[in-house]
Amino acid sequence: MVTAQQEPDTTDVTAAVEALREALTAAKIVLPSLGADRASPSLNLITLGRVRADVAIRLADVIRRGCA
């Protein structure tokens, strides 16, 4: 949400999606619905989509290892 004190996000959504897809691919994780949210272009939102529980667990493990 953009307030009077915040500047709108100018991050390139397509580049962000591809960067995330590449990182997930390197971790052997696929989010089938990963993509730009075209319904809200001014917000630069990314749709991560739905995943199976085992994929969510693998994603959580990768994030934990990266934060350690």
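Okay, let's start with a pair of side chains: D61 and R64 form a salt bridge, and their closest N and O atoms are 3.3 Å apart. By salt bridge I mean a side-chain nitrogen of Lys or Arg within 4 Å of a carboxyl oxygen of Asp or Glu. The two residues sit three apart in helix α2, so about one helical turn separates them. D61 counts as partly exposed because its relative accessibility is 33%, while R64, at 57%, counts as exposed. For those words, buried is under 20% relative accessible area, exposed is over 50%, and partly exposed is in between, with a 1.4 Å probe and protein chains only.

Before I go on, a word on what we're looking at. This is a predicted model, where local features need pLDDT of at least 70 and side-chain atom pairs count only at pLDDT 80 or more, though totals for chains, interfaces and linings use all residues. Residues are numbered from 1 along each chain as its sequence is written, and side-chain values use heavy atoms, with hydrogens and water left out.

Now the overall layout. The protein chain has two helices and two strands, and along the sequence they run α-β-β-α. Helices here are DSSP runs of H or I with at least four residues, strands are runs of E with at least two, and the numbering goes from the N terminus. The chain has 68 residues, and 13% of them are buried. It exposes about 5,300 Å², with carbon and sulfur atoms supplying 59% of that. Those areas come from the Shrake-Rupley method with a 1.4 Å probe, and for residues only the protein chains shown count as cover.

Back to the charged pairs. In general, side chains of opposite charge can pair when their charged atoms come close. How many salt bridges are there by this rule? The count is three. Another of them joins R21 to E18, with the closest N and O atoms 3.6 Å apart. Both of these lie in helix α1, three residues apart, again about one turn of the helix. R21 is partly exposed because its relative accessible area is 31%, and E18 is partly exposed too, at 35%. Then there's D54 with R52, where the N to O distance is 2.9 Å. D54 is partly exposed at 39%, whereas R52 reaches 56% and counts as exposed.

Let's go inside. Which residues make up the largest nonpolar core? There are seven: V13, V17, L24, I29, L31, L34 and V55. The largest share of this core, three residues, comes from α1. A nonpolar core, by the way, is a set of buried Ala, Val, Leu, Ile, Met, Phe, Trp, Tyr and Cys residues joined through side-chain atoms within 4.5 Å.

Take L34 from that list. Not counting residues up to four places away in sequence, L34 touches V17, L20, R21, L24, I46, T47 and L48. A contact means heavy atoms within 4.5 Å. And looking at the contacts in the chain with a separation of 6 or more, 42% are between residues 24 or more positions apart.

L48 is in the loop between β2 (46-47) and α2 (53-67), and L48 is partly exposed, at 44%.

Last stop, N44. Where is N44? You'll find it in the loop between β1 (35-36) and β2. Leaving aside neighbours within four places in sequence, N44 is in contact with D9, T10, T11 and V13. Its side chain reaches the backbone oxygen of T11 at 3.3 Å. N44 and T10 are 34 residues apart in sequence, but 7.6 Å apart in space, C-alpha to C-alpha. T10 itself is in the segment before α1 (13-26), and T10 counts as exposed because its relative accessibility is 73%.

One more thing about the backbone. Most residues other than glycine have a negative phi. N44 has a positive one, near 55°. K28 has a positive phi too, near 60°. K28 lies in the loop between α1 and β1 and, at 66% relative accessibility, counts as exposed.

Definitions and conventions
A polar contact is a pair of N or O atoms within 3.5 Å; within protein, one must be able to donate a hydrogen and the other to accept it, and residues adjacent in sequence count only if both atoms are side-chain atoms.
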